[in-house]
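This report covers aromatic side chains and a helix contact. The sequence and structure come before the details.

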Amino acid sequence: MKILCEDIYLVREIRDVNVKGWLYFGYIGRRNQGIRTLLIVNALLTLAAEILLYIKTEDVSNVIRDIFKTAILFNSLVRILYVMRREEDFIQLMKGIESWHQEFKDDNDDMALAILNRLPRYTKFVTAFGLSFGSIGAVASTLTALLWHTHIFPIYVPGFDAFQSPLYEIINLWQSVTMVPFIMSAYILFTNLFISWLIFGIGLLEILCKKFEQMSSASDAERLRNLKYLIRYHKRIIRYGQKLEDLVALISMVELILFTVMLCVLLVFFLISLKIPDAAYRIDWTEAGPETRKCLLILISRSQTALQISAGGIVPMTLETFQALLNATYSYFTMLRSLMAK
């Protein structure tokens, strides 16, 4: 496993956080197996306790509020268990990244090396942003739990009142020590590495385009020889993309299902708000006084508009907005493609 810390070019500048993070928590390698077992078993128990809470509770608003945390926890478990199951495949992918760089170095390909040497700057920024964003989210979750007198990951403990002191404080302290590091190491570090691998693939494609541009000044025999080399090079890029897709396909499917379900639950909550006028109208208002009727009329009129989430308080997150976003994205893509073709 020494190669993971010393020889991988792409993650060389960020290995202390990402690859070494996986090594420290025992997700890859043979060290710290106790830490790995503790974190995963604790995450499984927390997930089971969350699901049990949803079964027991009758307050739908609490389920909607906490389902995002459950999705993140489940997603983190899937990610890290998958990494452990396919440890060798992930290691081979990272070793393959190093082999690309070594080949360019052996061939004295200054153009390719210049492009690859630029990549760690982007991956370092991605890592810093991901960890900063995750840390802010962890602090916000902890503060919110304390202010609302709930838990960082709301759970149900059979036979005990989880909100009674000192059990409430013990649970929150335990979750801050175990669950927050687990989410950071399993979810954030995986995302950082995945984006880094994507950036490396983009760099390989950029090198391929540059090499095609360099062929214009070569003789016909040289062009044929270079073209055969570039065909093999492109085939290697395709294999790299296939390996990466193979490693993240299951995780991408899980994320798609989870966040689709979350969106559906949120939309159902908004639709429930449309039932308020009917519920108010069923009140026996015919014998009520003028003031009561006026209040009911105001409530019914105000409830005609469904609750909704907006982006920045400006754009409502509705189906119409989503369709408009798709149309705008395709228009911008077409425009950029036209500009690149010139």
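## Charges over rings

Arg236 lies over the face of Trp100, 4.0 Å from the ring centre. Arg79 is placed over the face of Tyr187, also at 4.0 Å from the ring centre. A charge counts as over a ring if NZ of Lys or CZ of Arg is within 6 Å of the ring centre and within 35 degrees of the ring normal.

## Basis

This is a predicted model, in which local features need pLDDT of at least 70 and side-chain atom pairs pLDDT 80 or more, while totals for chains, interfaces and linings use all residues. Residues are numbered from 1 along each chain as its sequence is written, and side-chain values use heavy atoms, without hydrogens and water.

## Aromatic pairs

There are 14 aromatic pairs in the structure. Rings of Phe, Tyr and Trp (its six-membered ring) pair if their centres lie within 6.5 Å; planes under 30 degrees apart are stacked, over 60 edge-to-face, and the rest tilted. Trp22 and Phe90 form an edge-to-face pair, with 6.2 Å between centres and 90° between planes. Trp22 belongs to helix H2 (residues 19-24) and Phe90 to helix H5, 68 residues apart. Both Trp22 and Phe90 are buried, that is, under 20% relative accessible area, where exposed means over 50% and partly exposed in between (1.4 Å probe, protein chains only). Ring pairs join Trp22, Phe90, Phe190 and Trp197 in a cluster.

Tyr229 and Tyr233 are tilted, because their ring centres are 6.3 Å apart and their planes at 35°. Tyr233 is buried at 3% relative accessibility, whereas Tyr229 is partly exposed at 33%.

Notes. Helices (H or I, at least four residues) and strands (E, at least two) are DSSP runs, numbered from the N terminus.
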